[in-house]
Every structure is written in C-alpha cells, then in structure tokens.
Amino acid sequence: MSVQFEVRIDGMTCNRCVETVTSALGDLDGVQGVEVDLNPGAVSSARVTADEPVEPRVLRSTLAKAGFTIAR
C-alpha cells in the first residue's frame, strides 16, 4: 500500500525548477512518483507517492540540496 502527501515548496520559478525538484524527490528511497505544480510568484507544491511517509527532515535536506525550501 502506498501513501500520498503534498509538500509546499518555496523558490520555484521555472520549468527547470520543476525538473530539479521532481528528480530530487524521485530519487528518495521508496518514492514511486512525484507531480510538481509550478506557481511562479507564489508557493508551488509537489505531490509525492511513496511506499511509506518520508520524514520531514529528509524532505527538508533533499530540497535544500536542490536549492529550495519547504514553505510554511
């Protein structure tokens, strides 16, 4: 059984950002799929499907390495 969750992301401005976030989150263990919604000038988001929930610290670290932050 898989779980789905949404991550709100700050700092995304273009399609290259979408590709970067999709790749970074998609490389995490257990992640089956990532759909990113780009919303330039506002908060973007990613819907992640995974085998199990991903720890928030792992999400933060992964996005930080890719140049983004989790929105509050």
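**Close-up 1. Glycine 33 and its contacts in this predicted model.** Setting aside its neighbours within four places in sequence, glycine 33 is in contact with Arg47, Val48 and Thr49. You will find glycine 33 in strand β2, which spans residues 31-37. Is glycine 33 buried, exposed or partly exposed? With a relative accessible area of 26%, glycine 33 is partly exposed, because buried would call for a value under 20% and exposed for one over 50%. Aspartate 10 sits 23 residues away along the chain, and its C-alpha atom is separated from that of glycine 33 by 20 Å.

**Close-up 2. The hairpin of β2 and β3.** Here, β2 and β3 pair in the antiparallel sense, with six bridges between them. Across from glycine 33 stands threonine 49 in β3. Six residues lie between the two strands of the hairpin, where glycine 41 takes a positive phi near 85°.

**Close-up 3. Strand β3 alongside β1.** Strand β1 (residues 3-10) is joined to β3 by seven bridges, and the two run antiparallel. Look for arginine 8, which stands opposite serine 45 in β3. How many of the seven residues of strand β3 are buried? Six are, so this strand, made of residues 44-50, is largely enclosed by the rest of the structure.

**Close-up 4. Threonine 62 in helix α2.** This view turns to a helix, α2, which covers residues 56-66 and includes threonine 62. Threonine 62 has a relative accessibility of 15% and therefore counts as buried, the cut-off being under 20%. Not counting residues up to four places away in sequence, threonine 62 touches Ala24, Leu25 and Leu28.

Note on methods. Residues numbered from 1 in each chain as written. Predicted model: local features only at pLDDT ≥ 70, side-chain atom pairs only at ≥ 80, totals over all residues. Heavy atoms only, no water. Helix = DSSP H or I, 4+ residues; strand = E, 2+ residues; numbered from the N terminus. Buried < 20%, exposed > 50% of the residue type's maximum accessible area, 1.4 Å probe, protein only. Contact = heavy atoms within 4.5 Å. Pairing = 2+ DSSP bridges.
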